[in-house]
Amino acid sequence: MDLQDFGITVAIVVGGFALWILATALFIWGERRMVAKMQTRIGPNRIGPLGILQTVADGAKLFFKEDILPKGVDKVTYFVAPIASATVAMLTFAVIPFGGSFTVGDREYTLQIWDPEIGLLWVLAMSSIGVYGIVLAGWSSGSKYPLLGGVRSTAQMISYELAMGLGLVSVFIWVGSLQASEIVAAQSGTFFGSIPAWNVFPQLFAFILFFGAAIAEAQRPPFDLPEAEGELVAGFITEYSGAKFAMFFLGEFMQVVTMSAVTVTLFFGGPSGPLFGLEGTLAGALLGTFYFAVKTFVFMFVFVWLRGTLPRLRYDRLMDLGWKVFLPLGLLWVMATAAVVLIQDTLEQAQVLTGAGIILAALVLILIVGAFIDRSRGEAEPAEDEGEEAEDEPLALPSSAETAREGASRHGGARQVRVPK
Amino acid sequence: MTPLLAQTEAASGSAEFWVFIVIGAVALGSALSMVLLRNAVHAALMLVVNFFAIAVLYATLDAQFLAVAQIIVYAGAIVVLFLFVLMLLGVAGDQAFTGRIAGQKTTAVLLGLALFGVLAAGVAAPFLGEGTACNVPVEQRVDAEGPLCEGLAVANADGNVRGVGFLIFTDYVWPFEVTSVLLVVAAIGAIVLGKRREDPGELTDAPASAVPALRDDDDDEAASDEDAAEPAAAGASEDDEEGTR
């Protein structure tokens, strides 16, 4: 590594980090403006054109606020938690390619900070570490609402990590690599000459699985139960103020940006797009960055859109969705993907048709299973309730009007029973 | 620097050597404080630090997959579950030290030493004796009497992830499957034990008549219950009528 390599690497790292911070700041502002539009409010509009500098003002305010240390906190852990939360959110971004590649002299550089062989497993590792910030914040605050928020978030993150992992795994099997650069390279070109060869088309269910789990991992509405303000004041951040609060805040929004970027990398071709003969130049690489940014912004908008549209899930429904819907369907999907890949590898000819047939069959199977699960749940719930009532009825206090009427009709026949007011 | 250390540094490269010194110290320190700290949550956090240190050591040995699996599985899932249980039970301070078994300390020390001996022997064995060190490049090896291990370049020829996957699903597929069966059995056992039932008979697949001590014939009991309850319901309805009159 000589001076040229060193300089360009440092430039890429600093540039990528700046891009990330900028995207996060813009997202915070953009979310407030867009949610305001959805709720027919105006939103922040005072500082800078359209209020675009609001985030800077808020950040400055938060960092100069008094840092309160409540009584009864576990000091070291209370201090470490926000740092862990923000650091992990920043580290995830390292493996994501955010632009094309360019050559200087005889050497090629890619706009990506780190391209390890484990690739996107790094995302999974960092998101599983991200839970520590929240758990420790909840525990160390020494207060009941943060503790409940922390416990909730632990259960939620662990549940949805499985679904997220299954979504990732089916893409890994499909592409045959964990490495981000290879996943992006596998999505260049087109299907049938016109549709871009993005993973989202063959791996539609994996995309749904991954994006749903990503929302839960980022703890955004409708899955923002760890900080449900109606029930838990503010969840794990209740006792935090000033710079530490800002770190949690930043970490959460960075998580949204990162998850959108990972979705784009996995399913929407990352920075690939038409380059108009600029391949290998810096301009071409930056054009890739532009495509990447546009695709990422689309998914960031989806996050805001969901927040503006959907109400928060009930906690047991959240867990049911994770364990009883996402997990079994994800396992089925991984098996189907593996079967298709195996058939493609072993049968040389007619592979596309066979693969398409099996995907179709698997889809139909999954739909049937899904419908069956839905129906059996729809039928089972009232049936269960009836069963329980029938069991409980003899033991329950027969004070209700209905019990009285039933008893009367069974024994006395046509006797009229008036309902006690 | 002692000759041994100098030799190690020459063999492994300077950066790797110093990373090992620093991270090894972190790993040892966090392991010791994990045992010695009295607060259960702090001890669990030290365990996380230790797992990270070991993951870094794996990474310096070019075992990227092992490093990231260590972080995902141990630091990301298992210790989080520890913390979850600690928080749910509200264990703090000295509460964790109640309920000791007699002679626990001695047994623990002895078993720990035995485990340490076995692990040390297992790790050191390839390096003991003459001509067995694995740091010899493949080309320089004498084919017939060379060391047992092939070296990193051969093991990682197709990439670290592929190498690990290939080994797990060919040479080590049997231990791998046995381990997974063990884990599944443990998980099912935990679910069965953790699920509270009023009636223990519901835990078995046997027909109800096969568990006579726990439960009489199901239908008769239910029927008699219903019979007993119905007059009560009727009586209550009469009471209600009187109340409204």
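In the predicted model, the C-alpha centres of domain 1 and domain 2 of chain A are separated by 30 Å. The domain assignment places domain 1 at 3-346 and domain 2 at 349-380 of chain A; such bounds come from an automatic or database domain assignment. As this is a predicted model, local features need pLDDT of at least 70 and side-chain atom pairs count only at pLDDT 80 or more, while totals for chains, interfaces and linings use all residues. Residues are numbered from 1 along each chain as its sequence is written, chains are lettered from A and ligands numbered from 1 in the order in which they are written, and side-chain values use heavy atoms, with hydrogens and water left out.

Chain A contains 13 helices and 4 strands, where helices (H or I, at least four residues) and strands (E, at least two) are DSSP runs numbered from the N terminus. Of its 421 residues, 46% count as buried; buried denotes under 20% relative accessible area, exposed over 50%, and partly exposed the range in between (1.4 Å probe, protein chains only). Among contacts in chain A with a separation of 6 or more, 75% are between residues 24 or more positions apart, a contact being heavy atoms within 4.5 Å.

Packed helix pairs are described by the angle between the two axes and the distance between the axes. Axes are lines fitted to C-alpha atoms, for helices over the stretch in contact, and angles run from 0 to 180 degrees between N-to-C directions. The axes of α1(A) and α2(A) cross at roughly 110° and come within 8 Å. This makes α1(A) roughly perpendicular to α2(A), given that angles of 65 to 115 degrees count as roughly perpendicular, under 35 as roughly parallel, over 145 as roughly antiparallel and the rest as oblique. The contact involves A:Ala25, A:Ile28, A:Trp29 and A:Arg32 of α1(A), together with A:Gln54, A:Thr55 and A:Asp58 of α2(A).

The loop between α1 (3-38) and α2 (54-64) of chain A holds A:Thr40, which is not a glycine but has a positive phi of about 45°. A:Thr40 is exposed, with a relative accessible area of 74%. A:Leu50 also lies in the loop between α1 and α2 of chain A, and its phi is positive, near 55°. With 55% relative accessibility, A:Leu50 counts as exposed.

Helix α5 (residues 144-175) and helix α7 (residues 204-217) of chain A pack with their axes 8 Å apart and at an angle of about 150°; α5(A) and α7(A) are therefore roughly antiparallel to each other. Residues of α5(A) that meet α7(A) include A:Tyr160, A:Met164 and A:Leu168, and those on the α7(A) side include A:Leu209, A:Phe210 and A:Ala213.

A:Gly150 is located in helix α5 of chain A and is buried, with a relative accessible area of 0%. Its C-alpha atom is 6.8 Å from that of A:Trp139, 11 residues apart along the chain. Apart from neighbours within four places in sequence, A:Gly150 contacts A:Ile134, A:Val135 and B:Met87.

In chain B, the 23 residues of helix α2 (residues 14-36) should span 33 Å at 1.5 Å a residue, which agrees with the 33 Å between its end C-alpha atoms; the expected span is 1.5 Å times one less than the number of residues. Buried residues in α2(B) include B:Phe17, B:Ile23 and B:Ala27.
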